[in-house]
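Subject: Structure handover

Hello,

I am passing on the structure below, followed by notes on what was found in it. Please read the notes with the model open.

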Amino acid sequence: NMALRELASLEKYLGLKKPNKYSTQGDKKVPVLQNNNAPPLVGLVTIACHLVKEAKRPELLGDGAEGRAVVQQWLEYRVTKLDSHIEDTKSILKDLNLYMQDKVYLAGNQLTLADVLMYYGIHSIILDLAVQEKEQYVNVARWFDHIQHHPGVRHHLPPVVVLRNRLYTSRHH
């Protein structure tokens with residue numbers, strides 16, 4: 001199950017020592033985390049946000065009210081648009097490419113949970129792109145490359161060669 005692999009990778013990235021035990025529910029295999037005496041946590045985003053809090057890494061949920069809202073927006077986008085493929089992948093890539101035109105990260109000036117979960121979610125799409133297509137979505141490629149080289153994020157996923165040549169200037173790094 002993809003979501004369970006992502007959560008395991010996220011736990012490692014966050015440095016959480018004791019891996020949680022997850023179950024899944026329904027045909028869509030939605031992840032569920034038993035939460036001591038509290039009601040269980042259901043869904044990738046809910047559990048991921050919980051793990052971030054558990055790891056005491058609040059900065060990953062965004063900086064300030066605006067940053068937090070943007071992170072939540074992208075997490076929502078990840079589970080509604082990306083995971084259900086209601087829209088075709090091309091429109092998702094177009095959205096993202098336009099949005100990333102003048103940005104290094106999805107929210108604010110640092111890596112957040114939005115980047116990590118969007119990276120996990122979009123990995124298989126990027127993996128399937130032809131070189132020409134990657135060049136069409138150069139801002140997505142640049143962002144993707146940046147996130148996959150971020151220490152500790154990649155874990156269960158193979159690296160993808162997204163840029164044959166550095167199509168962008170290095171002022172972002």
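Two elements are said to be in contact when they have heavy atoms within 4.5 Å. Axes are lines fitted to C-alpha atoms, for helices over the stretch in contact, and angles run from 0 to 180 degrees between N-to-C directions. Helices (H or I, at least four residues) and strands (E, at least two) are DSSP runs, numbered from the N terminus.

This is a predicted model, in which local features need pLDDT of at least 70 and side-chain atom pairs count only at pLDDT 80 or more, while totals for chains, interfaces and linings use all residues. Residues are numbered from 1 along each chain as its sequence is written, and side-chain values use heavy atoms, with hydrogens and water left out.

Overall layout

The protein chain has seven helices and three strands, and along the sequence they follow the pattern α-β-β-β-α-α-α-α-α-α. The C-alpha trace spans about 50 × 35 × 25 Å along its principal axes. The radius of gyration (taken over C-alpha atoms) is 16 Å. That agrees with the value near 16 Å for a compact globule of 173 residues, by the rule of 2.2 Å times the number of residues to the power 0.38.

The three strands form an open antiparallel sheet in the order 1-2-3; strands count as paired if DSSP finds at least two bridges between them. Strand 1 and strand 3 (38-42) are at the edges with a single partner strand each, so one side of each has no neighbour in the sheet. On average, neighbouring strands are turned by 35 degrees against each other, direction ignored.

Strand 1 (residues 22-25) pairs with strand 2 (residues 30-35) over four bridges, in the antiparallel sense. Gln25 stands opposite Val30 of strand 2. Four residues lie between the strands of this hairpin, and Gly26 has a positive phi near 75 degrees. Strand 2 and strand 3 also run antiparallel, joined by three bridges, and Leu33 stands opposite Leu41 of strand 3.

Helix 1 (residues 2-14) lies across strand 1 and strand 2, at about 150 degrees to strand 1. Helix 2 (residues 44-54) lies across strand 1, strand 2 and strand 3, at about 40 degrees to strand 2.

Helix packing

Angles under 35 degrees count as roughly parallel, over 145 as roughly antiparallel, 65 to 115 as roughly perpendicular and the rest as oblique. A crossing is left-handed if the near helix is turned anticlockwise from the far one by less than a right angle, and right-handed if clockwise.

The axes of helix 3 (residues 64-82) and helix 5 (residues 113-128) come within 8 Å and cross at roughly 25 degrees. Helix 3 is therefore roughly parallel to helix 5, and the crossing is left-handed. Residues in this contact include Trp74 and Arg78 of helix 3 and Met118 and Gly121 of helix 5. By class, the contact has 12 nonpolar residues, one polar and one charged. Here Ala, Val, Leu, Ile, Met, Phe, Trp, Tyr, Cys and Pro count as nonpolar, Asp, Glu, Lys and Arg as charged, and the others, Gly among them, as polar.

Helix 1 also packs against helix 5, at an angle of about 140 degrees with the axes 11 Å apart. These two helices are therefore oblique to each other, and their crossing is right-handed. Met2, Glu6, Ser9, Leu10 and Tyr13 of helix 1 meet Leu113, Val116, Leu117 and Tyr120 of helix 5. The contact has seven nonpolar residues, one polar and one charged.

Regards
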